[in-house]
Amino acid sequence: MIKRLSLGLAATLLAVTAFAQAELADGEVRKVDKAIGKITLKHGDIKSLDMPPMTMVFGVKDKSLLDNVKAGDKVKFTADKDATGQLVVTTIQPQK
């Protein structure tokens with residue numbers, strides 16, 4: 001029974017990890033405005049939002065997300081709608 005439970009838990013963790021990775025979108029930072037908590041991204045498809053590639057300004061969930069990115073950086077990010085329906089970046093990772 002423990003072995004089946006462990007295998008089930010492992011399968012669930014793999015599925016969650018795969019889902020989380022699938023949600024990351026590719027982007028390039030065009031502009032960062034830390035004072036107002038905005039970032040301009042030229043991005044690829046954002047599948048979770050059914051959004052085609054474009055360049056647009058996003059708010060950020062937390063201004064500290066902007067501490068490690070600058071114009072010209074290639075990034076992976078996630079975005080979602082906040083409580084008011086505005087699109088916000090929820091995670092962002094600079095790519096090397």
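Visitor: What is the bridge partner of Val-60 in strand 5?
Guide: In this predicted model, Val-60 has Val-89 as its bridge partner in strand 5.

Visitor: How many bridges join strand 3 to strand 5, and do they run parallel or antiparallel?
Guide: Two bridges join them, and the strands run parallel. Strand 5 covers residues 87–94.

Visitor: And strand 2 with strand 3, parallel or antiparallel?
Guide: Strand 2 (residues 38–43) and strand 3 (residues 54–60) run antiparallel, joined by six bridges. Ile-39 stands opposite Phe-58 of strand 3.

Visitor: Which residues touch the most other members in the largest nonpolar core?
Guide: Ile-39, Leu-41, Phe-58, Phe-77 and Val-89 do, in a core of 17 residues. Strands 1, 2, 3, 4 and 5 each supply at least two residues of this core.

Visitor: What is Leu-41 in contact with, leaving aside neighbours within four places in sequence?
Guide: Its contacts include Val-29, Met-56, Phe-58, Phe-77 and Val-89. Glu-28 is also among them.

Visitor: New topic. How many salt bridges does the structure hold?
Guide: Four. In one of them, Asp-26 pairs with Lys-76, with the closest N and O atoms 2.5 Å apart. Asp-26 is in strand 1 and Lys-76 in strand 4, 50 residues apart.

Visitor: What does Glu-28 form a salt bridge with?
Guide: Glu-28 forms one with Lys-74, at 3.0 Å between the closest N and O atoms. Glu-28, Lys-74 and Arg-30 are linked in a network of salt bridges.

Visitor: Is Asp-73 buried or exposed?
Guide: Asp-73 counts as buried because its relative accessible area is 15%, and the cut-off is under 20%. Its salt-bridge partner is Lys-70, which is exposed at 54%.

Terms used:
Residues numbered from 1 in each chain as written. Predicted model: local features only at pLDDT ≥ 70, side-chain atom pairs only at ≥ 80, totals over all residues. Heavy atoms only, no water. Pairing = 2+ DSSP bridges. Helix = DSSP H or I, 4+ residues; strand = E, 2+ residues; numbered from the N terminus. Core = buried A, V, L, I, M, F, W, Y, C linked by side-chain atoms within 4.5 Å. Buried < 20%, exposed > 50% of the residue type's maximum accessible area, 1.4 Å probe, protein only. Contact = heavy atoms within 4.5 Å. Salt bridge = Lys/Arg side-chain N within 4 Å of Asp/Glu carboxyl O.
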